[in-house]
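Hi everyone, thanks for coming. Let's look at a protein model together and take it one piece at a time. Here it is on the screen.

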Amino acid sequence: PVYQEYLNNNKYEKYNKIVMDTYQEVNRYAAGQYASNFTLRNTAGELISLNDYRGKTIYLDFWASWCRPCVQKLDVMQEVKNNLADKENIVFIHISFDNQGEEWVSKISEMGFSGIHLNAPESTKSEVAQLYNIKALPEYFIITPQGTYAQKPIRFDASEIQDILERLDKKVAADRRD
């Protein structure tokens with residue numbers, strides 16, 4: 001309402017575009033907005049799309065093997081994955097920005113990271129980085145079974161993320177029973 005009121009009452013028309021563009025950019029990743037599809041190669045060289053997992057809750061993580069905070073968060077999230085291993089409607093997708101394919105595959109193997117692993121070797125210049133506005137690593141999103149962004153914690157908190165994933169999974173199960 002405040003945004004619309006501003007546009008309706010603003011005396012300085014030239015500022016409307018700046019305000020509109022900023023507002024739309026900020027809200028592009030807000031809960032309820034649709035997540036953009038992408039297609040990338042996995043560790044076996046197969047093409048995988050986000051839409052392949054429509055109907056499932058998705059934890060989408062951007063990382064790189066050379067990024068120490070990324071590897072630490074992946075390690076922390078491994079426990080969450082283990083806790084949710086029996087939930088077939090929760091998927092963990094990790095997109096590496098490593099330029100060298102063998103580096104990210106080696107780190108996955110060395111650390112025992114499970115989940116779906118994809119690579120965007122063009123890093124922040126890749127199409128997926130542009131779609132998700134990735135400017136720094138690590139970054140993550142939670143995507144609902146309907147393909148929209150879910151509200152995520154302001155700060156990275158593995159137990160809170162696990163709670164969100166479990167709530168979304170319960171909602172899917174309840175919807176299927178109805």
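Let me begin with a question: how far apart are the sulfur atoms of C67 and C70? They are 2.3 Å apart, and the two residues form a disulfide. The term stands for a pair of cysteine sulfur atoms within 2.5 Å. If the word is new to you, a disulfide is a covalent bond between the sulfur atoms of two cysteines. The structure holds 1 disulfide.

Before going on, a word about what we are looking at. This is a predicted model, in which local features need pLDDT of at least 70 and side-chain atom pairs count only at pLDDT 80 or more, while totals for chains, interfaces and linings use all residues. Residues are numbered from 1 along each chain as its sequence is written, and side-chain values use heavy atoms, with hydrogens and water left out.

Back to our cysteines. The torsion about the S-S bond of C67 and C70 is about 75°, so this disulfide is right-handed. Are the two cysteines buried or exposed? C67 has 6% relative accessibility, so C67 counts as buried. C70 comes out at 1%, so C70 is buried as well. For the whole talk, buried means under 20% relative accessible area, exposed means over 50%, and partly exposed is in between, using a 1.4 Å probe and protein chains only.

Now to the sheet. Helices (H or I, at least four residues) and strands (E, at least two) are DSSP runs, numbered from the N terminus. Two strands pair if DSSP finds at least two bridges between them. In this model, 6 strands make an open sheet with mixed pairing, in the order β2-β1-β5-β4-β3-β6. At the edges stand β2 (47-49) and β6 (139-143); each has a single partner strand, so one side of each is left without a neighbour in the sheet. On average, neighbouring strands here are turned by 35° against each other, direction ignored. Such angles are taken between axes, which are lines fitted to C-alpha atoms (for helices over the stretch in contact), and run from 0 to 180 degrees between N-to-C directions.

As a reminder, strands of a sheet pair through backbone hydrogen bonds, either parallel or antiparallel. We have both to look at. Strand β4 (residues 90-96) and strand β5 (residues 116-119) pair in the parallel sense over 4 bridges, with H117 in β5 as the bridge partner of H94. By contrast, β3 and β6 pair in the antiparallel sense over 5 bridges, and I58 stands opposite I143 in β6. Strand β6 is also mostly covered, with 4 of its 5 residues buried.

Let's stay with H94 for a moment, which is found in strand β4. Its relative accessible area is 0%, so H94 is buried. Which residues does H94 touch, leaving out those up to four places away in sequence? Among them are Y59, D61, W63, K81 and H117. Contact here means heavy atoms within 4.5 Å.

Across β1 (39-42), β3 (57-63), β4 and β5 lies helix α4 (residues 101-111), running at about 160° to β5.

What about the inside? A nonpolar core is a set of buried Ala, Val, Leu, Ile, Met, Phe, Trp, Tyr and Cys residues joined through side-chain atoms within 4.5 Å. The largest one has 32 residues, of which L60, I93, I95 and Y132 touch the most other members. Strand β3 gives the most to this core, with 4 residues. Apart from it lies another core, of 14 residues, including M77 and F92.

Last topic: charges. How many salt bridges does a search of the whole structure find? The search finds 2, where a salt bridge is a side-chain nitrogen of Lys or Arg within 4 Å of a carboxyl oxygen of Asp or Glu. In one of them, E110 pairs with K107, the closest N and O atoms being 3.8 Å apart. These residues are 3 apart in helix α4, so about one helical turn separates them. E110 counts as exposed, at 56% relative accessibility.

There is also a salt bridge between the side chains of E139 and K152, at 2.6 Å from N to O. This pair links distant parts of the chain: E139 is in strand β6 and K152 in the loop between β6 and α6, 13 residues apart. E139 is partly exposed, at 26%, and K152 is partly exposed too, at 25%.
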